[in-house]
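Keep the structure open while reading.

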Amino acid sequence: MREALTSVPAYKAGQAPSAVAGVTSHKLSSNENPYEPLPSVVEAVAQAAASMNRYPDPTSSELVGAIAHKYDADPDEVIVGTGAVALIYQIAQTFTGPGDEIVYAWRSFEAYPIVTAVAGATATPVPLTDRLTHDLDAMADALTARTRVVLLCTPNNPTGTTISAADFQRFMQRVPDDVLVVLDEAYVEFCRDGSAVNGLTEYRNRHNVLVLRTFSKAYGLAGLRVGYGLGPAPIIAALRRTSLPFGVTAAASAAAVASLAAEDELSARVDAVVEQRIQLVERLRQQGWSVADSEANFVWLTTGEQTGELVNFLDRNAVATRPFAGEGVRITVGSQESNDRLIELLCELTPSS
């Protein structure tokens, strides 16, 4: 095994809730969509499954075309993969190697340090601000002649905070032309902040910006693994050289295409999740919890040393959340029933000051 892999941190997926006799379980640990798949999407998957003995289209041409049509983009500006995280791996493999650096905020998406280490590159994590937002000034200061990629997660996982368009544009004035800036917008459909940066606008105006999105969250296809990127054609062409052959299955592609066709139905579900998030944040703050301003489908509680106590208490009551030891807890916005149960349980704890 490569020596560099001995220091690769393990990815920690959201855990399932503990089973408690007579108590309904609620999994609020993985940022999954609480709604079941649409019937039209299930039907598309069933039809695709009938030909599972055949390899899928290696270029996912129908899905690429549907995404290009949705965003009025050229198909040469679109790439798909097995989730946005797979595309992040491709970015590291395509644009970095030993001696190169990847800059990202921390805390942010857990895959970033893993991807960096696997590629053999050097990680340059930059702490978030006191408001749990990206410190773009500090990130610009961290750029060196060896920096090849900057990863910006907005809304940020796990804090839910966004990067404003104005701050991003100021940041880009300090980024060298040969550094790729990735806007990881996995949760963008839940964002209602009108001042937030829009990756679609930025990639069209710059030759070194790539935007990533996913069908896992808003579209509810987490189990099928489909993500996509939009960027300048030369960047997309380079990424295709590291694409896993036949990575996106026929069933996954069919589900994504059907989901794009059912945009109105899915948008209504996203709006419902956003409304639940707004209510959940308000209720948590009324209880005295320190909650970040979230524009995603989850909320972040700054719980410090109380993190373990809170998470274990919820787990004993069949509610699973995602802890970050000594820092805080990320809680997915679930159904009304799940959110009510969470609030009911948290009434029994007193937030530490």
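## Strand S3 and its neighbours

S3 and S5 run parallel and pair over four bridges. The model is a predicted one. Within this pairing, Glu-101 has Thr-147 of S5 as its bridge partner. S3 also pairs with strand S4 (residues 122-127), again in the parallel sense, over six bridges. S3, H4 and S4 together make a right-handed β-α-β unit.

How many of the six residues of S3 are buried? Five of the six are, so the strand is largely enclosed by the rest of the structure. Glu-101 is buried, at 7% relative accessibility.

## The open sheet

Three strands form an open sheet, in the order S9-S12-S11, with antiparallel pairing. The edges are strand S9 (298-302) and strand S11 (322-324), each pairing on one side only. From one strand to the next, the twist averages 20 degrees. Helix H11 (residues 307-316) packs on this sheet and touches S9, S11 and S12. The direction of H11 makes about 35 degrees with that of S12.

S9 pairs with strand S12 (residues 328-332) in the antiparallel sense, over five bridges. Val-299 stands opposite Ile-331 of S12. Strands of a sheet pair through backbone hydrogen bonds.

## Salt bridges

Side chains of opposite charge can pair when their charged atoms come close. The whole structure holds 15 salt bridges. The table lists some of them.

| Pair | Closest N to O distance |
|---|---|
| Arg-146 and Glu-101 | 3.1 Å |
| Glu-110 and Arg-322 | 2.4 Å |

Take Arg-146 and Glu-101, which form a salt bridge. Arg-146 lies in the loop between helix H5 (136-142) and S5, and Glu-101 in strand S3, so the pair ties together parts that are 45 residues apart in sequence. Arg-146 is partly exposed, at 47% relative accessibility, whereas Glu-101 is buried at 7%.

Glu-110 and Arg-322 also form a salt bridge. This pair links distant parts of the chain, 212 residues apart: Glu-110 is in the loop between S3 and H4, and Arg-322 is in strand S11. Are these two partners buried or exposed? Glu-110 is buried, with a relative accessible area of 16%. Arg-322 is buried too, at 5% relative accessibility.

Lys-27 is partly exposed at 33%.

## Backbone geometry to check

Where do cis peptide bonds occur? One runs from Trp-106 to Arg-107, with omega near 20 degrees. Arg-107 lies in the loop between strand S3 (101-106) and helix H4 (111-119). Another joins Asn-157 and Pro-158, with omega about 25 degrees. Pro-158 sits in the loop between strand S5 (147-153) and helix H6 (165-172).

Asn-31 has phi near 55 degrees. Its place is the loop between strand S1 (26-27) and helix H1 (39-49). Asn-31 is buried, with a relative accessible area of 1%. Arg-225 has a positive phi of about 65 degrees. Arg-225 is in the loop between strand S7 (209-214) and strand S8 (227-230). At 32% relative accessibility, Arg-225 is partly exposed.

Methods:
Residues numbered from 1 in each chain as written. Predicted model: local features only at pLDDT ≥ 70, side-chain atom pairs only at ≥ 80, totals over all residues. Heavy atoms only, no water. Pairing = 2+ DSSP bridges. Helix = DSSP H or I, 4+ residues; strand = E, 2+ residues; numbered from the N terminus. Axes fitted to C-alpha atoms, helices over the stretch in contact; angles between N-to-C directions. Contact = heavy atoms within 4.5 Å. Buried < 20%, exposed > 50% of the residue type's maximum accessible area, 1.4 Å probe, protein only. Right-handed = clockwise from strand over helix to strand, strands pointing away. Salt bridge = Lys/Arg side-chain N within 4 Å of Asp/Glu carboxyl O.
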